[in-house]
Amino acid sequence: MVGVAIFHEGSSKKTADNELLNLLITNLNLDNNKIRFIGIGGKSNFFNLDNKNYSTIKMAVRREEINKILFVIDADYEKNDEKYGGYDNTETELKKIIHELELQDCSDIYITCDPQTKDGYLESLILSTIPEKQKSCIENFLNCSDFKSKENHKAILNQIYKTAYPQAPFDFSHQNFDELKQKLTTLFSMDKHS
């Protein structure tokens, strides 16, 4: 069975990245059984050519077990990392790695962030899909809190969102999910080079 691979920043199946991707794949009625999720364990690992996940996936591509790959990575903030931070830097550096791995013919990239600012991470994308009034309340709380580390910030955003929207945790009909939905749908198309 030929399948697809999705690289993400998480390190296990219980991360926010994996949860969102699984829910969206189910929402799009795509075959979850054809996916090999690969939690790479943090953004910096995407830029390590010696990562064992890369050699494994290259073998799977050669054996035609995997025909398409999607790299899902956070934009983060340029001010925090001048080489890998920010949308443009992340995209440029990840394209270099994909080229060096010789996977460019079967790979695509999705950079998670707030689509308007092109900064942030998965939680920023999710926050961008809620009504402005609620988003403003969450942003005000975060701005006046002393939770400055990325992990605290992400955890708080995630928990506030789940608490505020327990019945419908993600509004996949929101236009800010359109690009990710398109990339996932393309992953499952039959044409290897679409």
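This is a predicted model: local features need pLDDT of at least 70, side-chain atom pairs count only at pLDDT 80 or more; totals for chains, interfaces and linings use all residues.
Q: What makes helix 1 roughly perpendicular to helix 7?
A: The axes of helix 1 (residues 16-27) and helix 7 (residues 178-187) cross at roughly 70 degrees, coming within 11 Å. Angles of 65 to 115 degrees count as roughly perpendicular, and therefore helix 1 is described in that way relative to helix 7.

Q: Which residues make the contact between helix 1 and helix 7?
A: On the side of helix 1 the contact is made by Leu-20, Leu-21, Leu-24 and Ile-25, and on the side of helix 7 by Leu-180, Lys-181 and Leu-184. Sorted by kind, the residues of this contact are six nonpolar, no polar and one charged.

Q: How do you know that the buried residues of helix 7 are on the same side?
A: The buried residues of helix 7 are Leu-180, Lys-181, Lys-183, Leu-184 and Leu-187. They cover an arc of only 165 degrees around the axis, and so they are placed on the same side of helix 7. What covers these buried residues includes strand 1 (3-8), helix 1, strand 3 (66-74) and strand 4 (107-112).

Q: What span is expected of helix 3, and what span does it reach?
A: Helix 3 (residues 87-100) has 14 residues, and from its first C-alpha to its last it reaches 20 Å, which is close to the 20 Å expected at 1.5 Å a residue.

Q: Why are the buried residues of helix 3 assigned to the same side of the helix?
A: In helix 3 the buried residues are Tyr-87, Asn-89, Thr-90, Glu-93, Leu-94, Ile-97 and Ile-98. Because they cover an arc of only 160 degrees around the axis, they are put on the same side of helix 3. An α-helix has 3.6 residues a turn, so residues three or four places apart point the same way. The cover over the buried residues of helix 3 includes helix 2, strand 3 and strand 4, whereas the face turned away from the buried side carries the exposed residues Asp-88 and His-99.

Q: Why is Glu-102 called exposed?
A: Exposed means a relative accessible area over 50%, and Glu-102, with a value of 64%, is therefore exposed. Glu-102 lies in the loop between helix 3 and strand 4, and its phi is near 60 degrees, a positive value in a residue other than glycine.

Q: What makes Glu-64 exposed?
A: The relative accessible area of Glu-64 is 54%, and the cut-off for exposed is over 50%, so Glu-64 is called exposed. Glu-64 is placed in the loop between helix 2 and strand 3, and its phi is likewise positive, near 60 degrees.

Q: Why is Asn-51 called buried?
A: Buried means under 20% relative accessible area, and Asn-51, at 9%, is therefore buried. Asn-51 lies in the loop between strand 2 (35-39) and helix 2 (52-62), and, not counting residues up to four places away in sequence, Asn-51 touches Ile-40 and Asn-45.

Q: How do you know that Leu-125 is buried, and what is it in contact with?
A: Leu-125 has a relative accessible area of 0%, and since the cut-off for buried is under 20%, Leu-125 is called buried. Leu-125 lies in helix 4 (residues 122-127). Leaving aside its neighbours within four places in sequence, Leu-125 is in contact with Tyr-110, Cys-113, Asp-114, Pro-115, Asn-176 and Phe-177. From Leu-125 to Ile-111 there are 14 residues in sequence and 9.8 Å in space, C-alpha to C-alpha.

Terms used. Residues are numbered from 1 along each chain as its sequence is written. Side-chain values use heavy atoms; hydrogens and water are left out. Axes are lines fitted to C-alpha atoms, for helices over the stretch in contact, and angles run from 0 to 180 degrees between N-to-C directions. Helices (H or I, at least four residues) and strands (E, at least two) are DSSP runs, numbered from the N terminus. Angles under 35 degrees count as roughly parallel, over 145 as roughly antiparallel, 65 to 115 as roughly perpendicular and the rest as oblique. Contact means heavy atoms within 4.5 Å. Ala, Val, Leu, Ile, Met, Phe, Trp, Tyr, Cys and Pro count as nonpolar, Asp, Glu, Lys and Arg as charged, and the others, Gly among them, as polar. Buried means under 20% relative accessible area, exposed over 50%, partly exposed in between (1.4 Å probe, protein chains only). The arc is that of the directions from the helix axis to the C-beta atoms. The expected span of a helix is 1.5 Å times one less than its number of residues.
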